[in-house]
Each structure stands twice: as C-alpha cells, then as structure tokens.
Amino acid sequence: MLSWKPFALSVAVLLILFPFVYLVLLSLSSEWRFPDLLPSYFGLKNWATILGSEAGLLESFVSSLLISLSVAIVSTTSGFLISRAVFYHPKKNTLTLLAYFPYILAPVVFAACLSFFFLKMGLFGNITGVIVAQFIIAFPYALLFFSSFWNKKIKSYEDLVATLGGNRWQTFIKVLFPLAKGLILICFFQTFLISWFEYGLTSIIGIGKVQTLTIKVFLFIKEANYYYGALSCCLLIFPPVVLLYLNKRYVFKKLV
Amino acid sequence: MKNKRLNFGIILFIAIGVVPFVAAFIYALLYSFGVIGVANKGFTTEFWTSVLASGEFFTSFLYSFLIALVAVAVSVGGALWVTLKFRKRLEQKFLSFIIYLPLAVPGIVTGFFTFQLFSKGGFFARLSYQLGWITEASQFPDLVNDALAFGILLSFITMIMPFFVLLFLNVYKNERIEELSILAQSLGANAKQVTQRISLPILIKKTRVLIVLYFIFLLGAYEVPLILGRESPQMLSVLIIREIKQYDLDKISEGYVVAVMYTLIVSAAAIVLFFPRKGRMYEH
Amino acid sequence: MSILQKTLFPILFILVILSCSEKAINDDQALKTAPWQEITKKANGTTVNFMMWQGSPTINDYINNYVVPSVKEKYHINLKISGGQGPEIVQLVMGEKQADILSGQVDMVWINGETFFQLRKVDGLWGPFVKQLPNAKLVNMNDPFINTDFQQAVKGMEAPWSINQFAIVYDSVKVENPPKNLPQLTEYLERYPGTFTISNDFTGMTLLKSFMAEIGGSPNSLDGPFDEEKYNSLSKKLWDYINSHKKYFWKEGRTFPKEQSKMGQLYANGELLLVYGFSEGGIEEKVLNGLYPKSTRGYAWENGTIKNSNYLGILYNAPQKAGAMQVIDFLLSPEAQLKKADVNGMNSNTVLDIESLPSDWKEKFKTVAKRQYGPEMKQLEKNAIAEPAPEYMIRLYEDFRTQVIEK
C-alpha cells in the first residue's frame with residue numbers, strides 16, 4: 001500500500017518554505033501588479049536603494065543582536081532558576097497566577113503604561129532600558145514555560161541526588177540541566193525571538209533612539225511600497241533562520 | 001537554608017514579574033480616571049461612562065475572544081494530529097530543521113505575507129485571473145480585512161500551530177509516551193485506545209497551561225489584526241492603541257479605560273482557570 | 001501573601017515619591033534674543049536628536065547621506081535620527097511632562113499641522129525661535145499657507161520645512177475622466193465600483209474636508225473658527241452622500257483601510273483606481289521606484305484640495321536648543337532646500353521665496369528638473385484651500401467612525 005504520508009509531508013515542507021521564497025522574490029521585484037503573474041522588473045534595485053539610504057544597518061544589526069542575546073540569556077536563566085523556587089513553593093498556584101498577569105497585557109499597552117516609570121528611572125531612550133523592558137516581557141514567558149518541568153519525577157531525582165550526597169551545584173549541572181536541555185533551548189530561542197521582533201515596546205521605551213534592526217526595517221513594512229516591505233521582512237527573518245540553523249547543527253544535534 | 005534560598009527566588013519573582021505589572025496597572029487606572037495625564041483636569045468618571053455607553057469594548061472583546069478561541073482550537077487540534085501521525089518522520093534530520101522555520105516568522109511578517117497572497121489584487125487573485133476564474137480584481141473573494149476574519153485566523157494558525165507541534169514532540173519524548181504506549185499495547189490496548197487514553201490526555205494535560213497562555217496571547221495580538229482586520233469591530237489591542245494615540249487628546253484616557261477593563265477581564269479569567277481548587281490537590 | 005506585601009509596598013511607595021519630585025525651570029530664554037554667532041558657538045560640537053518619520057528611502061537618503069554629514073562638517077554637530085511621527089511625538093512629550101523630565105530625549109521634531117495643534121495644546125514646543133534663524137529671512141512669511149497652520153498663527157513656534165498640496169491620484173490608462181466634484185464622483189463610482197475608498201486616517205479626513213467645503217458651496221466655506229452649526233449641517237449632508245454611495249466603495253463600504261499607506265498598496269496592486277494624498281499625491285517617487293504604474297497622474301478637486309506646510313519644531317525640554325536651531329537653519333538654507341527639491345530624491349517644494357534669493361540660487365531653483373509623472377504644485381495652486389480649524393478634524397474622525405464605519 002502506498003502511504004500518503006510522504007506526500008502530505010512534502011506539501012507541508014513546500015508550504016513552510018513558500019513564504020521565505022516568495023518574500024525574497026517580492027523584494028527583488030518591481031512593477032508587479034494585478035493581473036500579472038510575474039513582475040515586469042526583477043533585480044537588485046530595491047536592495048541597492050535601501051542599503052544606500054539606511055546608514056548604519058550593520059550597527060543596528062549588532063545592537064539588535066546584543067539586546068536579544070542579553071534578553072534571551074537573562075530571561076531563560078532567571079526563568080529556569082526562579083521557576084524552580086516558584087513551582088516548588090507551597091503557594092505555587094497563587095504565584096503562578098501572579099505570573100500570568102504581566103503576560104496578559106499586550107507589550108505595546110504594557111510599555112505605554114510603564115513608560116512613565118522608565119522615564120523616572122532614566123531608563124528611557126537607551127539600550128539598558130530596552131533590555132530591561134524586554135526582559136520584563138520575556139521573563140513571565142520563560143518562567144511559565146518551565147512550569148511543566150518541575151514535577152514530582154524531577155523532584156524525586158533531586159531528592160535522590162541529595163540522598164546520594166550530591167550538592168546543589170551537582171544537582172543542577174548533572175541532573176537538572178541535562179533533563180531540561182531541550183526545553184531550555186526552545187525557551188532561549190523563543191525569548192530571543194520575543195526580543196528580536198519586539199517593535200511596539202522597543203519603540204516606546206527606546207523612543208526610536210535605540211535603533212534595532214527591527215525598528216529600522218519595521219517602518220517600511222507598513223508603508224505603501226510593499227517591495228521594500230518584503231525586503232524588510234527578509235532582513236527580519238533571515239537572522240533567526242541562521243541562528244536556528246546553527247542551533248540545530250551544533251546544539252540540537254543530540255536532541256530531538 | 002533551603003527555605004531561604006527559595007524565598008530569595010520568590011522575592012526576585014515578585015520584583016520582576018509582579019511589581020511592573022502592578023505599577024503599570026495603577027498607572028493605567030489613574031489615567032483612566034483622569035487623575036494623571038497632561039491633558040486631563042482631575043478625577044472624573046466621564047471616560048468610564050462614555051466607554052461603557054458606547055458598547056464598543058464589549059463587541060471588540062467578544063470578537064477577539066472568538067477569533068482567539070477558533071485559532072487556538074484549530075492549531076492545537078492540528079498540531080496533535082500532526083504529532084501523532086508524523087512523529088517518527090519529523091525526527092529526520094532535514095524535517096526537524098524545517099519544522100522550526102515558522103518560529104522565525106513574526107506576526108507582522110505573517111500579516112504582511114497573508115495580505116500579499118490573499119488580497120483582491122494579491123498573488124492568488126492574479127493566479128485566478130490567469131486561470132480565467134475571475135475577470136476583475138473585485139470578483140476575488142474577500143479573504144483579508146473581511147467580515148469573518150479569515151485572514152487573521154489563517155495568520156494566527158500558521159503562527160502558532162508549528163509551535164504546538166514542537167511542544168508536543170518534546171513532551172512526547174520527555175513524558176516517555178512512546179514507552180507507555182508500547183507497554184499499553186503489550187497489555188492488549190489497540191491503537192485507538194493508546195491515542196485516546198494515553199497520548200492525548202498526557203499531551204494536553206502537560207501543555208494546557210501553554211495552550212491557555214497562547215489563547216491569552218492571541219486575545220491581545222496587535223500587528224496581525226492591524227494589517228488584516230476591519231475598522232469595526234477591532235481586536236482589543238488595536239482598539240486600545242487607537243484610543244491612546246487618537247487625535248483628540250482629551251479622550252486619550254478612554255484608551256486606558258479599555259486597557260484597564262481588558263486587563264481586569266482576562267485577569268479574572270486567569271483566576272478562574274488557574275486558581276488552586278481543593279479537589280485538584282493530587283493532580284501533580 | 002506577606003512576602004508580597006513586604007516587597008510590593010515599599011517599591012510602590014518609592015515610585016510615588018519619585019513622581020512627586022520638584023519641578024525646576026529650564027531656562028533657555030536667552031537663546032530667543034541672543035545674537036546668531038553666540039548660538040552658533042553654543043551649537044558647535046553638540047549632539048542633536050531629531051525625531052522624524054522614517055518610512056521613505058528617499059527621505060532617509062536625504063537625511064542620512066546629506067544632512068547628517070553636512071552638519072557634522074559645517075558645525076561639528078552630531079545629528080542623531082530617531083523614528084517617530086505625530087502620535088509618537090505627542091506621546092513622548094506628554095510622558096516627559098508627566099514625569100517632569102527637564103532634559104528631554106529629543107531636541108527637534110518634524111511635524112504637520114495636526115501635531116502642531118496637539119503640541120500647542122500641551123505646551124510641548126519651545127519658542128518662538130524662527131526669527132532668530134538667518135535663513136528664515138528667505139522664507140515668505142506672509143504666505144498664509146506658511147504662516148498659518150490649521151487656522152492657528154505659527155508665530156515663530158515652528159519653522160516651515162516644505163510646502164505641499166493634496167492631490168487626487170488616478171491611473172490614466174484605466175480611468176478616462178477622473179471625477180473633479182461630488183456629482184462626477186457619483187458617476188465614477190457607478191462606473192468603476194469597488195475601486196475607491198476613504199482611509200480612516202489623516203489623509204482620508206483631509207479628503208473629507210475638501211468634500212465638506214464643496215458641500216458648503218465655496219473654497220472658503222470652512223475658513224475661520226470652528227462653527228458647530230455649520231459643521232452639523234454640512235457633515236450631515238456629507239454622511240448622507242457617503243452612505244448612499246457606500247455600496248460602490250471598496251469592499252462595498254463595509255470596511256475602510258486604516259491608513260493611507262494601505263490605500264497606496266491597494267492602488268499599486270490594482271485594486272483601487274482612484275486614491276489621493278499630500279505632497280501632490282506623492283506620485284513621482286512611487287512611479288520611479290516601480291510601485292505605481294507609469295500612467296499615474298494627479299490633479300486637484302474643482303472646489304479645491306488642502307494645501308499646507310510641514311514644519312520643524314523644538315521641544316520644550318530639548319537639551320540642545322542651540323544645536324537644534326543651527327540644524328533647522330541649515331535645513332532652510334538654499335543649499336539644503338535645493339537638494340531637497342531634487343525630483344529623483346526627496347522631491348519636495350521649497351518654502352523659500354525664490355524671488356528674494358541671490359541670483360545664482362534663483363537660477364538654480366528655476367532650472368530644477370520638472371516631474372515626469374506627478375503634477376507640479378504650481379498647476380494645482382489655483383484650486384488650493386486652507387486647512388480648516390482643528391476641531392473639524394476631531395469631529396470628522398469621530399463621526400466618520402460612528403456615522404459611516406459602524407453603520
């Protein structure tokens with residue numbers, strides 16, 4: 001019997017790859033209107049225009065990377081460690097509940113309501129402020145992400161290590177991290193993306209002075225010229241794809 | 001010793017996770033009553049009365065709720081199906097990379113892309129024209145900025161379904177569902193029973209927190225409905241930002257009224273869903 | 001819960017204390033009368049933050065590759081650009097006012113009449129400063145389209161940067177006789193259903209002002225202070241007109257595009273055939289970069305379309321007011337204005353009074369290349385009307401939502 005599964009999977013793979021290809025093609029096009037199926041112009045014109053008009057794209061890229069890596073490292077680490085304290089706490093349900101609240105507010109709205117305090121603390125319009133603000137958004141995510149990890153089984157492993165004379169450090173390094181590795185990597189990647197793609201919050205707290213790549217290219221997506229919009233989309237999504245590739249290649253190797 | 005450490009963790013948790021939220025909420029609350037705000041003149045309930053009277057908030061809430069509900073239900077259902085049917089194949093080297101790719105696409109890009117494909121002058125409309133199905137752009141069906149929020153739903157599903165597939169795959173492995181299933185089968189259970197009694201319950205129970213979290217996340221989604229939504233009704237975040245950024249500075253507080261009501265309702269929902277109940281003690 | 005109380009309340013308490021700090025006065029009065037050399041001296045070596053809309057590569061190119069290096073070289077000013085337009089600027093100013101920030105994050109801003117009105121309302125602008133700028137003498141300050149913004153006298157609180165007119169944009173291959181008044185619009189809608197709409201933003205409301213002026217019977221019918229009675233009677237007719245034609249609008253009038261940029265996309269991909277916008281429709285750049293078809297043309301409404309200027313302002317708490325004045329003065333120089341008029345670049349109309357310029361500059365301005373596709377402002381000028389009072393805009397926003405969108 002011929003299986004339909006490989007066929008379905010191939011279609012799924014094509015569907016996943018389609019947006020990436022389409023966006024690259026659209027960014028290379030021009031004069032492409034209904035009802036033409038193919039663009040009248042195809043070439044590097046749009047890329048040349050944007051790379052010429054946007055000074056300091058590389059700088060933006062570096063600061064984006066710096067911000068996103070900081071946010072991902074800090075929120076994943078603190079999320080993992082603090083979630084242990086929270087989910088082993090006798091009042092863990094109440095505490096979990098509290099963690100949901102910041103997640104409820106949309107980041108843009110959250111930032112609009114928090115900007116006053118950031119202004120007061122001098123965390124406005126600089127990279128530190130943006131990192132702190134994004135961390136506030138990413139932390140509850142990371143914390144809750146690990147909620148299902150801290151179950152009875154893990155607890156009993158920990159107790160076992162303690163019984164066998166292992167100290168705390170050994171418990172974390174030898175038992176907990178290896179067990180949570182898959183989750184930690186997903187969480188790292190997710191928090192990295194939360195930060196990488198954050199626009200509303202970054203633009204309010206960074207007031208456009210912290211020019212992350214997202215801030216720089218985001219403006220074009222909403223504007224009339226969708227060829228530039230597609231180009232901006234490419235600039236936004238390909239760095240995470242590369243990261244993902246590296247991640248898969250070097251880190252996920254033994255996993256999944 | 002141990003307790004102290006735990007408490008330190010809790011204090012950090014409160015400082016990062018709770019204080020900013022409370023501060024932001026109080027700020028929004030004060031703003032909504034006109035106590036603060038440069039253009040406001042002092043305490044008043046006029047913003048609350050006017051928002052409640054217009055009823056726009058409730059329509060908007062219901063609209064957002066339904067969209068988020070449908071999107072999460074379809075995504076979780078689809079992801080469960082994919083996980084259970086294709087689990088083995090997804091572990092191949094190439095596929096295991098491909099399934100991570102959708103995570104690299106943010107909401108705004110999904111919205112942009114969906115619009116480019118499905119608008120009346122978009123890619124599929126052009127394709128339909130070339131195939132002779134339509135003769136004018138306006139004959140193409142209404143798929144973005146449409147009444148049934150098709151465009152928004154499609155974007156949401158393509159955004160979160162891949163995430164759930166990854167999550168379920170991970171839980172499947174971590175919870176040793178494979179081993180449990182083999183055990184059950186050797187005890188005489190058939191494939192259907194294994195799915196219904198073992199795989200599904202474990203997957204859903206272990207991830208229900210994240211499922212609800214994604215529902216909440218979609219409820220407050222901004223970029224996608226901004227690009228693909230209608231002007232009325234609007235999803236909640238779009239409505240809030242529209243009010244906060246509105247031209248008439250005297251009415252900015254109305255945006256904060258909506259923000260406060262929205263926060264209260266979803267907080268209440270979170271309390272109902274997650275608050276510890278006596279009968280559930282043995283669950284974990 | 002006790003841990004919660006122990007940590008939460010002290011922090012909230014500190015926040016309350018913070019928010020009650022003393023208000024000091026940032027005194028820059030002297031700059032309003034100081035001789036220009038002194039201002040130049042003060043400006044030298046400063047870092048000036050400029051908040052502006054960054055959604056166009058031609059504008060960014062002008063700023064990043066011409067203005068920034070020029071002010072660096074000429075005045076050693078380090079000009080930093082941050083992205084943000086009207087609502088963001090207003091939010092920033094309101095936030096900083098709220099928090100009593102004496103030394104703000106942004107020095108100068110690029111604004112239009114809408115934002116000017118809002119900033120004046122919250123006292124967000126510093127000035128008057130325009131008289132101090134040497135190059136301001138080259139601007140024709142007697143032009144009512146320059147010295148009055150939304151019926152409000154500018155009085156030196158903002159410096160004009162460029163002037164432009166609202167134009168209707170259409171595809172001359174697909175539409176033979178584009179409408180020039182409301183009865184013709186009816187004919188157009190019946191003939192090309194689904195190809196016209198009104199964006200629910202500044203641009204759409206500006207079109208509605210033109211329509212309302214036409215219903216009022218003359219180009220000047222909305223001039224003067226806001227008149228409630230006039231508004232009520234004219235707007236009722238306007239909503240009747242729109243609602244009775246709604247079925248011929250884009251998506252049968254069941255929804256409207258949120259922003260003008262969305263409308264531009266819909267025109268570019270062929271869904272809409274008749275759109276509109278400021279800067280004489282913004283046609284030239286969009287045709288040159290392949291977004292709009294080459295057959296795109298623009299014109300003014302018979303009863304007139306709005307003509308206005310956009311401006312540069314200095315924020316009330318700008319830390320580098322002298323630096324900002326220096327940069328604004330440079331932006332008003334014949335050199336910078338000429339570069340800005342380049343049809344292949346930013347392509348905007350100068351605010352300088354060309355007749356009053358030295359003859360070599362006069363020559364250069366007069367021989368600037370003409371647009372190939374879009375109309376020149378000169379061609380539309382006879383159909384120009386002034387911005388009505390801001391209250392009309394506020395009411396149109398509100399009523400367009402309640403009377404049209406939600407119906």
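Let me start with one pair: Ser162(C) stands opposite Asn310(C), which sits in strand 11 of chain C. This is a predicted model, in which local features need pLDDT of at least 70 and side-chain atom pairs count only at pLDDT 80 or more, while totals for chains, interfaces and linings use all residues. Residues are numbered from 1 along each chain as its sequence is written, and chains are lettered from A and ligands numbered from 1 in the order in which they are written.

Back to the strands. Strand 7 of chain C (residues 158-165) and strand 11 of chain C (residues 305-315) run antiparallel, joined by seven bridges. Two strands count as paired if DSSP finds at least two bridges between them. Strands here are DSSP runs of E with at least two residues, helices are runs of H or I with at least four, and both are numbered from the N terminus. Is strand 7 of chain C mostly covered or mostly open? Mostly covered: eight of its eight residues are buried. Buried means that 20 or more other C-beta atoms lie within 10 Å of the residue's own, exposed means 12 or fewer, and partly exposed is in between, with C-beta atoms placed from the backbone.

Next, the interface. In chain C, 31 residues are in contact with 28 residues of chain B. Contact means that the C-beta atoms of two residues, placed from the backbone, lie within 7 Å. Which elements of chain C give two or more residues to that side? They are helix 1 (2-18), helix 4 (86-98), helix 5 (113-121) and helix 16 (390-405) of chain C. Helix 1 of chain C gives the most, seven residues.

On to chain B. UniProt, in an unreviewed entry, lists several spans as "transmembrane region", among them residues 94-118 and 209-228 of chain B. UniProt positions follow the numbering used here, feature names are shortened, and annotations may be inferred rather than shown by experiment. Residues 94-118 of chain B are 68% helix and 0% strand, with end C-alpha atoms 29 Å apart. For residues 209-228 of chain B, the values are 85% helix, 0% strand and 28 Å.

Last, chain A. It has 11 helices and two strands. Of its 256 residues, 51% are buried. An unreviewed UniProt entry gives residues 61-247 of chain A as "domain: ABC transmembrane type-1". That span is 82% helix and 0% strand, and its end C-alpha atoms lie 19 Å apart.
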